[in-house]
Structure formats: structure tokens, C-alpha cells
Amino acid sequence: MALHLSWVFVFGILGNAVSFMVSLAPLPTFYQIFKKKTSEGFQSIPYVVSLFSAMLWIYYALLKKDAIFLITINTFCVFIQTFYIVTYFYYGPKKEKIVTVKLMLLFNVFGFGVIFLATYFLKNPSLRLLILGYICMAFALAVFVAPLAIVRKVIKTKSVEYMPFTLSVFLTLGAVMWFFYGLCLKDMNVAVPNILGFIFGVLQMILYAVYKNHPKKTVEESDPKLQLSDHPVVVVDVAKLGSDVNAVIPNSTNSNNGGRTEGNAFSKV
């Protein structure tokens, strides 16, 4: 039993550390926004979704009662994603501010509110946790599909400039840490989504190895339909999932289960 708890502690700490760094990845983007005094060219949805993911995982962890590391990383994600959204809103053009408010109302008010009301008042605590766990797992799995757009873009353009290798490594490491954390807790809602996160992380690193020395080819030359703006793509770490879509990174792919955020991440689970 003591050995079991020690491994939960080890993987929880490592998962928090990796997801913490992934959550800070968008800071250069917001430094750019601060310098230019405009958020034009970026989108707020990755940060809104990452915040929603973190809220879900905190709610789940509080009901579960023995998942303190999901609470710690996702609490941090709530603060950092809120900072990103406020900064974006402050410097965003009027049209983008309206879009951001609508997204916040849809995900963080209406979406979370419906899930909370639909589960919290269930009389059977086990059933409540089971349903909420399935919701968190389904959302985390959906978030991990986000990198497919970047994978397709890399293959089409034969360029890895949109997929930083360091980010891919950290997202893969995060998926491994949160998978074993969920496994040690015997919580498949945390473990299962990170299997997909690990697979996509390895795929990204393989693509990087294949195309890293390939001559750059612009998106327009490859396929005009693939043109993407320079805004970040959501990525969630299942435990933050987190932290964020899967976390979120400009010009890259969304954790933690327990979150999951940026980069691949969403979220950090």
C-alpha cells in the first residue's frame, strides 16, 4: 500500500511539473500581444476551452477526494488561463471581444453549469462520479484529436515549423506521467485519454525526425485550403485537461489530465 501511494506521489509530482511548463508555453504569445497592443491574428478559443477543461477536472477531483494532484495543476491552470483570457480581451478588437464573451458563456457558464446541475444532485455518489468521469474522459479524448490538424499540415507542407519539437516532447512526457498516475489510482478516466496523447506525441516526434531537414514549403504552395492563421491551436493535457486543449501554443499543436492545455492539451489530466 505504501509503495502504491509513493508511486502515485511520484507520478503526480512529475505530471504537475511537466504540465506546469506546458501551461506557461503561451507566454511568448502574450508578450507579443502586449508589445503590439493588439491580439489581432490570435484566437481566444484555445484558452477558453482550456479553462473549461480545468474546471471540469477540479470538479471531478473534488468529488473523487483522493486526487490532490489533479486539483493542484488544474487550479494553476484556472489562474493562468484566466490571465490569458483577460489579457486577450483587454487588447482584442471589439469583434473578438464579443466572440470571447460568447465562448465564455457557452463553455464556462452554460456548459459547465449544465454538467454541474446534471450531476451534483444525483443521489448516488458513485453514479455521479461515474457520469462525470465519462464526461471528462470524452472531453479529454476529443481535445487530443486537435493535433491532427497540425499533423496534416506538417505532412502537406513537409515543414515542421508549426510543430516545435520541444513542445512535442513535453506533451508526450506529460501524457506518460498522467497515464501512470491514473493507473496507480486505478482511475481509467485519467489514464485512458493519455494513451491517445502519448500516441499523438510520438507521431509528432516521428514526423519531426522525418521532415526536420526538408526544404521549407509554404502552406499556400502546398494547399491553399490549409492556410491557418498564426493563432495557437488548442492542446489539453488530460489532467489539467487537464491542463489545455490541451493546452495551447502559437504555431503548434493542446492538459494534464488533470488539464489538461496548451500545446496538446488541452488540459492537464
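**Loops, rings and helix faces**

Trainee: At what relative accessibility does Lys186 count as exposed?
Mentor: This is a predicted model, in which local features need pLDDT of at least 70 and side-chain atom pairs count only at pLDDT 80 or more, while totals for chains, interfaces and linings use all residues. Residues are numbered from 1 along each chain as its sequence is written, and side-chain values use heavy atoms, with hydrogens and water left out. We call a residue buried under 20% relative accessible area, exposed over 50% and partly exposed in between (1.4 Å probe, protein chains only). Lys186 counts as exposed because its relative accessibility is 67%.

Trainee: In which loop does Lys186 lie?
Mentor: Helices here are DSSP runs (H or I, at least four residues), strands are runs of E with at least two, and both are numbered from the N terminus. Lys186 is not a glycine, yet it has a positive phi of about 60°. Its place is the loop between helix 8 and helix 9 (188-211).

Trainee: What positive phi does Lys65 have?
Mentor: Lys65 lies in the loop between helix 3 and helix 4. Lys65 is exposed, because its relative accessible area is 73%. It isn't a glycine either, but its phi is positive, at about 75°.

Trainee: Is Lys64 buried or exposed?
Mentor: Lys64 is found in helix 3. With a relative accessible area of 18%, which falls under the 20% limit, Lys64 is buried.

Trainee: With which side chain does Lys64 make a polar contact?
Mentor: Take plain contacts to begin with, meaning heavy atoms within 4.5 Å: leaving aside neighbours within four places in sequence, Lys64 touches Leu129, Leu185 and Asp187. A polar contact is a pair of N or O atoms within 3.5 Å; within protein, one must be able to donate a hydrogen and the other to accept it, and residues adjacent in sequence count only if both atoms are side-chain atoms. At 3.3 Å, the side-chain partner of Lys64 is Asp187.

Trainee: On to the rings. How many aromatic pairs does a search of the whole structure find?
Mentor: Rings of Phe, Tyr and Trp (its six-membered ring) pair if their centres lie within 6.5 Å; planes under 30 degrees apart are stacked, over 60 edge-to-face, and the rest tilted. Searching the whole structure on that basis gives a total of 22.

Trainee: How many residues apart in sequence are the parts that Phe11 and Phe180 tie together?
Mentor: The two rings are stacked, 5.2 Å centre to centre with 20° between the planes. Phe11 is buried at 13% relative accessible area, whereas Phe180 is partly exposed at 33%. Because Phe11 sits in helix 1 (residues 2-23) and Phe180 in helix 8 (residues 165-184), the separation in sequence is 169 residues.

Trainee: And Phe30 with Tyr47: what is the angle between the planes?
Mentor: Phe30 and Tyr47 are both buried. Their rings lie 5.1 Å apart, centre to centre, in an edge-to-face pair.

Trainee: Within what arc do the buried residues of helix 2 fall?
Mentor: Thr29, Phe30 and Ile33 are buried in helix 2. Looking down the axis, they line one face of the helix, because their arc (taken from the directions from the helix axis to the C-beta atoms) is within 90°.

Trainee: Last one: how far apart are the end C-alpha atoms of residues 68-91?
Mentor: UniProt's unreviewed entry lists residues 68-91 among its "transmembrane region" spans; its positions are in the numbering used here, feature names are shortened, and annotations may be inferred rather than shown by experiment. The span is 100% helix and 0% strand. From end to end, the C-alpha distance is 35 Å.
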